[in-house]
Amino acid sequence: MSAATTIPPSLMSLGHPLDLSPDCFGWFVDSTPLLDNPPALRERFAEDGYVFLAGALDGQLVDQSRERMLEQLHELGMLAPAAPITDGIARTPWQPQSVHKLIHTNEPLRRLLYSGRMLEIHQLLAGSPIRHFDFTWIRAIGPGRGTAPHADAVYMNRGTRRLVTAWTPLMEIPLHIGGLMVMPGSHRIQRLRKYFAYDVDSYCENRPDRAAEDVHGWVGPLGDGKLTENPALLQKGIGLPWLTAETYRPGDLLIFSLQTLHASLDNTSNRVRLSTDSRYQPADEPADPRWIGPNPTGHSVENRRAMIC
């Protein structure tokens with residue numbers, strides 16, 4: 001955390017005030033200088049479970065991707081009709097929609113995520129040729145509560161454990177617009193190992209009245225992979241801080257591991273927060289079949305798996 005940076009008086013996640021004391025909350029370490037030293041970059045990623053790379057991507061291409069996405073959201077009626085499209089003001093009342101398919105008609109975004117600098121960075125981090133998932137998660141998050149704490153392992157663990165997530169902000173995201181937080185070192189917590197092994201598409205064959213996640217005790221009762229609806233309480237229980245960026249800017253990139261816990265701040269603005277999740281892994285290791293191919297099936301009935309609880 002920069003000494004020149006001031007922590008705000010209050011921040012909320014899922015409606016809960018976060019503990020902003022130095023041991024509980026802070027800012028990312030910028031790992032951009034380590035792009036010239038791949039072994040050190042990999043060492044930091046292994047230790048912290050994330051790397052934050054300020055300005056590592058082509059900011060102009062990010063801007064083009066955002067401009068096209070705002071046009072797409074306008075066409076879907078998700079933006080305030082009386083406001084300039086470029087302001088990205090959310091329509092009220094806000095009605096969220098799944099917008100993942102917008103990648104197919106956003107050519108700048110496809111170039112940003114799946115060619116050039118992005119692939120170069122992931123190849124440096126992996127130390128080998130890489131491939132990406134064919135499914136793209138596009139986030140258009142309006143005013144309201146943030147994302148509950150979770151690890152991506154529970155959603156995409158049917159392939160290599162060396163899969164990583166790239167969270168790419170497509171706009172300037174100060175704290176009040178609700179950027180992502182990660183918990184450094186959480187990927188190494190032994191008492192979470194059963195949670196990391198859980199698969200949201202599993203169910204108890206011998207106990208149809210009992211969700212598979214119940215046997216692990218950490219996953220929420222809805223069976224959706226959440227650890228809790230209270231990020232502040234989770235931080236207190238685990239004892240590791242939440243970290244974020246004071247302001248995410250176009251060109252910034254956040255990469256974290258399959259097991260790294262993350263969540264987001266609440267969006268207390270009137271704007272739509274635009275970002276993407278894309279996934280990358282060593283090309284010669286198995287990929288989760290739910291997220292690859294011309295028409296990824298994702299979390300569907302056909303992908304349900306029985307287990308003995």
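**Close-up views of a predicted model**

View 1. On one side of helix α1, Pro39 and Glu43 are exposed, in a model that is predicted throughout. On the other side of the helix from these two, the buried residues of α1, which spans residues 38–48, are Pro38, Ala40, Leu41 and Phe45. Seen down the axis of α1, these buried residues fall within an arc of 160 degrees, so they line one face of the helix. The cover over the buried residues of α1 includes the strands β4 (50–53), β7 (164–169) and β13 (253–257), together with α4 (116–126). After the helix comes glycine 49, whose phi is positive, near 80 degrees.

View 2. Aspartate 30 is found in the loop between β3 (25–27) and α1, where it is partly exposed, with a relative accessible area of 36%. Although aspartate 30 and leucine 53 are 23 residues apart along the chain, their C-alpha atoms are separated by 5.7 Å. When neighbours within four places in sequence are left aside, the residues in contact with aspartate 30 are Arg44, Phe52, Leu53 and Ala54. The side chain of aspartate 30 is joined to that of threonine 32 by a polar contact of 2.6 Å, and a polar atom of the aspartate 30 side chain also lies 3.3 Å from the backbone nitrogen of alanine 54.

**View 3. Helix α3 and its cap.** The buried residues of helix α3, which covers residues 107–114, are Pro108, Leu109, Leu112, Leu113 and Tyr114. These buried residues pack against the helices α2 (59–75) and α4, and also against the strands β5 (130–132), β6, β7 and β15. The N-terminal end of α3 is capped by asparagine 106, a side-chain oxygen of which lies 3.1 Å from the backbone nitrogen of leucine 109. Just after α3, glycine 116 takes a positive phi of about 55 degrees.

View 4. At the start of α6, a side-chain oxygen of asparagine 230 reaches to within 3.1 Å of the backbone nitrogen of alanine 232. Within the helix, which runs over residues 231–238, Pro231, Ala232, Leu234, Gln235 and Ile238 are buried. Viewed down the axis of α6, the buried residues fall within an arc of 160 degrees, so they line one face of the helix. Leu233 and Lys236, by contrast, are exposed on the other side of α6. The packing partners of the buried residues are β1 (12–13), β2 (16–17) and β11 (242–244). Just after α6, glycine 239 has a positive phi of about 90 degrees.

**View 5. Strand β7 and the two strands that pair with it.** Six of the six residues of β7 are buried, so this strand is largely enclosed by the rest of the structure. Val164, Ala166 and Thr168 point one way from β7, while Thr165, Trp167 and Pro169 point the other way, and all of them are buried. β7 and β13 run antiparallel and are joined by four bridges, with valine 164 standing opposite serine 257 of β13. The pairing of β7 with strand β15, which spans residues 273–282, is also antiparallel and extends over six bridges. In this second pairing, the bridge partner of proline 169 is serine 275 of β15.

**View 6. The largest pocket and its lining.** The largest pocket has a volume of about 890 Å³. Its lining is made up of 40 residues, of which Trp137, Arg139, Thr147, His150 and Asp277 lie nearest the centre of the pocket. The elements that give two or more residues to this lining are β6 (137–141), β14 (262–264) and β15. Among the contributions to the lining, the largest share comes from β6, which provides five residues.

**View 7. Asparagine 303, a buried loop residue.** Asparagine 303 lies in the loop between β15 and β16 (305–307), and with a relative accessible area of 14% it is buried. If residues up to four places away in sequence are not counted, asparagine 303 touches Arg158, Asp201, Arg290, Thr297 and Gly298.

Terms used:
Residues numbered from 1 in each chain as written. Predicted model: local features only at pLDDT ≥ 70, side-chain atom pairs only at ≥ 80, totals over all residues. Heavy atoms only, no water. Buried < 20%, exposed > 50% of the residue type's maximum accessible area, 1.4 Å probe, protein only. Arc of directions from axis to C-beta. Contact = heavy atoms within 4.5 Å. Polar contact = N/O pair within 3.5 Å; in protein donor to acceptor, adjacent residues only side chain to side chain. Pairing = 2+ DSSP bridges. 1 Å grid on protein atoms, 1.4 Å probe; cavity = no way out; pocket = protein on both sides within 12 Å on 5 of 7 lines; lining within 4 Å. Points joined across faces, edges and corners; volume = space filled by probe spheres on them.
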